[in-house]
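Please guide me through this structure, one feature at a time.

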Amino acid sequence: MSDFISSGWSWYVVGIVVFGLVYCAFVLIGAAKHKIVYDAQGNVDKTTGHIWDEDLRELNNPLPRWWLFLFIFTLVFAVGYLVLYPGLGNNKGTLNWSSKGQLEAEIAKAKVEEEKIYAAFRPAAVEDLARDPKALAIGERLFLNNCAACHGSDAKGSKGFPNLTDTDWLHGGSPEKISETLHAGRNGMMPPMAAAVGGPEEVRQVANYVLSLSGSGHNSILAELGKDKFKAACAACHGADGKGMQALGAPNLTDKIWLHGWGEEAIVRMINNGKVNVMPAQAGRLTEDQIKVLTAYVWGLSRPTQTAQAQ
């Protein structure tokens, strides 16, 4: 009721609630009264006096006592509830209860329990947590709740979202780098490079040279023509050998792992249009303890042997 713009609305609600209770009591009292009806000869008639189809009569039996007492209990309970809890407009009730207050109390209680759990993890290194079944179970739940929407429940990613179970890391796969990524997020940007490469034919040449770096199917003549263009326009980020630079987040082009699609057409599109990818920062959503446990879980995904030993 705190969002009412005036006290008038509060009284409006109070009126509806009180009227409802009084009306229910009135109906109960009226239904509880057993009206005695007499026939034309003065004898007691146990019907309501209504007759249908010449001989069909409605009996005038009193309400069952259990039903009557149940109705009375309901009214008494309603009055007691409105005294203890909010329900009459802006009245907060004698217990001063609110859904917000209950939520805050439950959150506080959960944080106390959570503190006990994470306190045991703080002295441990990330590598040790990656072998702790309890930490891994919590890390998995954190991953499913916060990361699976992009990387998939199996962490194998999809087009545009990195696979976290292999050893191909754009910014490095050490615990420190993973923690850094979780804290601050990442902004990956591949600028459009068509102008630096040349015309459409030169772009195709570079695309075929990129395919040749990983031994993928390509046109060898176009690849040879694109080699020098690649070194002039692309080597600054991907390196002269095409193995990328983790400091820049530039992918390795020699390992047959294609984040945004494979083939000449996909690479040509990337050169022409560029690409911007964003990994959102988790520092504002997760606590330091949660990020540490999540780091251990993600780090262990690409090291299944070590994780399996813990289980």
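**Reading the contacts and cores**

Q: Which residues does L164 touch, leaving aside residues up to four places away in sequence?
A: The model is a predicted one. In it, L164 is in contact with F143, H151, A155, W169, V298, L301 and S302, when residues up to four places away in sequence are not counted.

Q: How many residues does the largest nonpolar core have, and which have the most contacts inside it?
A: In soluble globular proteins, nonpolar side chains tend to be buried together. Here the largest such core has 26 residues, and F121, L142, F143, L164, L294 and V298 have the most contacts inside it. At least two residues of this core come from each of α4 (126–129), α5 (133–146), α7 (175–184) and α13 (288–301). The largest share, 8 residues, is supplied by α13. Another core, of 17 residues, lies apart from it and includes V197, V203, A207 and I267.

Q: Which residues form a nonpolar patch on the surface?
A: The patch is formed by W66, W67, L70, F73, F77 and Y81, which together have about 710 Å² of accessible area. Of these, Y81 lies in helix α2 (residues 65–84).

Q: Why does Y81 count as partly exposed?
A: Partly exposed covers the range between buried, under 20% relative accessible area, and exposed, over 50%. Y81 counts as partly exposed because its relative accessibility is 37%.

Q: In what sense do strands β3 and β4 pair?
A: In a regular strand the side chains alternate between the two faces of the sheet. Strand β3 (residues 47–52) pairs with strand β4 (residues 56–59) in the antiparallel sense, over 3 bridges. The bridge partner of W52 in β4 is L56. The hairpin has 3 residues between the strands, and D53 takes a positive phi near 50° there.

How values were computed: Residues numbered from 1 in each chain as written. Predicted model: local features only at pLDDT ≥ 70, side-chain atom pairs only at ≥ 80, totals over all residues. Heavy atoms only, no water. Pairing = 2+ DSSP bridges. Helix = DSSP H or I, 4+ residues; strand = E, 2+ residues; numbered from the N terminus. Patch = residues over 30% accessible without salt bridge, like charges linked within 9 Å, V, L, I, M, F, W, Y side chains within 5 Å. Areas by Shrake-Rupley, 256 points an atom, 1.4 Å probe, with all protein chains shown as cover. Salt bridge = Lys/Arg side-chain N within 4 Å of Asp/Glu carboxyl O. Buried < 20%, exposed > 50% of the residue type's maximum accessible area, 1.4 Å probe, protein only. Core = buried A, V, L, I, M, F, W, Y, C linked by side-chain atoms within 4.5 Å. Contact = heavy atoms within 4.5 Å.
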